[in-house]
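Here are a few notes for you to read alongside the model. They cover some backbone features and then the contact between the chains.

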Amino acid sequence: MTDVILEKVGKTYPNGYHAIPSVDLTIEEGEFIVLVGPSGCGKSTLLRMVAGLESISTGELRIRGERMNEKEPAERDIAMVFQNYALYPHMSVYDNMAYGLKNRGMPKDQIAEKVSDVAQMLGLTELLQRKPRQLSGGQRQRVAMGRAMVRDPKVFLFDEPLSNLDAKLRVQMRVEIRQLQRKLGTTTLYVTHDQVEAMTLADRLVVLNKGKAEQIGTPMDLYNKPATPFVAAFIGSPSMNLINANLTEQGIKISDALTLPLSHQHRGSIVWGIRPEHLEVSDERNADFALRIQAVESLGAETLIHGKIETASGDGEPLVVRLSGPHLPDVNSLMWLMAPAQHWHLFDEKTQQRL
Amino acid sequence: MTVTFPQKGLPWLLLLPQLLVTAIFFLWPAEQALEQAFYQEDAFGLSREFIGLENFIDLFTDPLYYQSMLTTLVFSFSVAIVGMSLALFLAVMADRVIRGKLAYQTLLIWPYAVAPVLAGVLWWILFDPSMGPIALWLKSAGVDWNHYLDGNQAMILVVIASTWKQISYNFLFFLAGLQAVPRSLIEAAAIDGASPFKRFWTIVFPLLSPTTFFLLVVNLVYAFFETFGVIDATTKGGPGQSTTTLVYKVFDDGFVGLDLGGSAAQSVVLMAIVGLMTVIQFRFIERKVQYS
């Protein structure tokens, strides 16, 4: 069953700034959708439009079939977790969680029951009488989630909820959010700029760029078949190697000295891409090209090698190679590489679309 | 940041003007008042006699003194409550304005720059029973306005005149307080189903409580001690004793009634009250509420 529908939803500010031209998105019930993009791409604005905190300039938002454009945030049956948590500082954890229920006129004993259930689920029972300032970052984050969960809303909205936590806690909370969402089965819209967070949480991802949805799909769709160079560069870490090239009869001409053979009917300027993890170390005879190593980052489980494609003039394209396990090649030495054709991504340079 | 001076003398030299002002206009008179409170002096200051605590005993057995204390309390709390409520209302409105915000804010701050006596005279003219526009309008509306005869009306007049000036000050602090309340809290409350009215009273107002308490103390101190000019310019403490606050009484008894010893004793009591209020104020400002 479809739960939330955004139909040509757009946002124009009174000063004429076109924040979001038009976004179409259909969310199934229980789905976990992540809006991801660089800062300023309009992802938070879009989320706030769904919440009712920003007006919708054009298009229509429907939740469970009902038009929501004119409804107040409280009437949309949504709950939101804010980046700074937005806990009421003068209220105890219990009152923070009970506030929304009280406003809706729920009887006191039912509120107590609901709050204690959710507190139990999140491990907050001991903290119910504390004030937000007496809690750690992770605990505040949990209270913010508890406040959202206690109301049993149709839709959860998360606005970069993990960006104020340290790296270790972020990973832990990420897993927790995913498990809770699975358990509750509540439709979720989640905003983040962190592509790892996006990939691990999402059923489907929406990659936003300048207010436009560049691509909507499962994390693996986006990884395997990015629709544009923007998505290709944004999804995956380290990001995909993208090199401007020319598609000719002989194949992909990267430089005067280097052409990768390929028969393709398209001609002209293209962007050739290959992920760092898909480049293979080879020997001089079998290699497609050589890399002049400039820097080596050893991370233990993997090694990132930064270099330039070796050319006579020395101004070859920069490239990153990701090898599993430890490697210690010498800086400035040459490394022979193979770029298997099944891992290539080709984009038309003019239209920025996948070929 | 700490600034260190190469020589010891310069910091003292820089402090000297303020220290001199404090000494001449505060410490010395205070010491004089304290001393005088234990003497009885003739009207011309030619002779005086040590009488111990007699001035204080007279003071605390005088029903007029208690009357004046009550007047001061009524006056001060009226000024504080009316002034703060109006200022809070204006601040909430100004906070919501999007266009011309600065113009409203600037205009609302202006009255603070008006000298107390001028404020008093201004309202005195507006309310003058024979020619004041407001008084005439009130008369046409059926209210028999004459603050020269009616003690309650006189009280209302001095409260209005004193409040008007203080609203600007309160407004500034409330506006700053409102702007310090994170927007996301209001938004969270909106999603939590609270009406704008409820949002204000359950979220914004409690978060303003440090500001509110600070202003309450400042307003009370203002009404207690800094409204002499306004009262002198409008009602001169009358009719009868109806607007004679403690500070006005010090002046009235000392310089009109020429009971210098009794007046000095009253000053000493007032000094004790100022001290007490300052302690309360500072203790409270020490512990600020954190928005987090």
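1. A definition to begin with: a residue is buried if 20 or more other C-beta atoms lie within 10 Å of its own, exposed if 12 or fewer, and partly exposed in between, with C-beta atoms placed from the backbone. By that rule Tyr85(A) is buried, with 23 other C-beta atoms within 10 Å.

2. Please keep in mind that this is a predicted model, where local features need pLDDT of at least 70, side-chain atom pairs count only at pLDDT 80 or more, and totals for chains, interfaces and linings use all residues. Residues are numbered from 1 along each chain as its sequence is written, while chains are lettered from A and ligands numbered from 1 in the order in which they are written.

3. Most residues other than glycine have a negative phi, and most peptide bonds are trans. Tyr85(A) has a positive phi, near 75 degrees, and sits in the loop between S6 and H2 of chain A. Helices (H or I, at least four residues) and strands (E, at least two) are DSSP runs, numbered from the N terminus.

4. Lys8(A), also not a glycine, has a positive phi of about 45 degrees. Lys8(A) belongs to strand S1 (residues 2–12) of chain A and is exposed, with 11 other C-beta atoms within 10 Å.

5. Do look at the peptide bond between Ser237(A) and Pro238(A): it is cis, with omega about -5 degrees. Pro238(A) is in the loop between helix H8 (229–234) and strand S11 (241–247) of chain A.

6. Finally, the contact between chains takes 19 residues from chain A and 17 residues from chain B; two residues are in contact if their C-beta atoms, placed from the backbone, lie within 7 Å. Strand S6 (78–81) and helix H2 (93–103) of chain A each supply at least two residues of the side of chain A that touches chain B.
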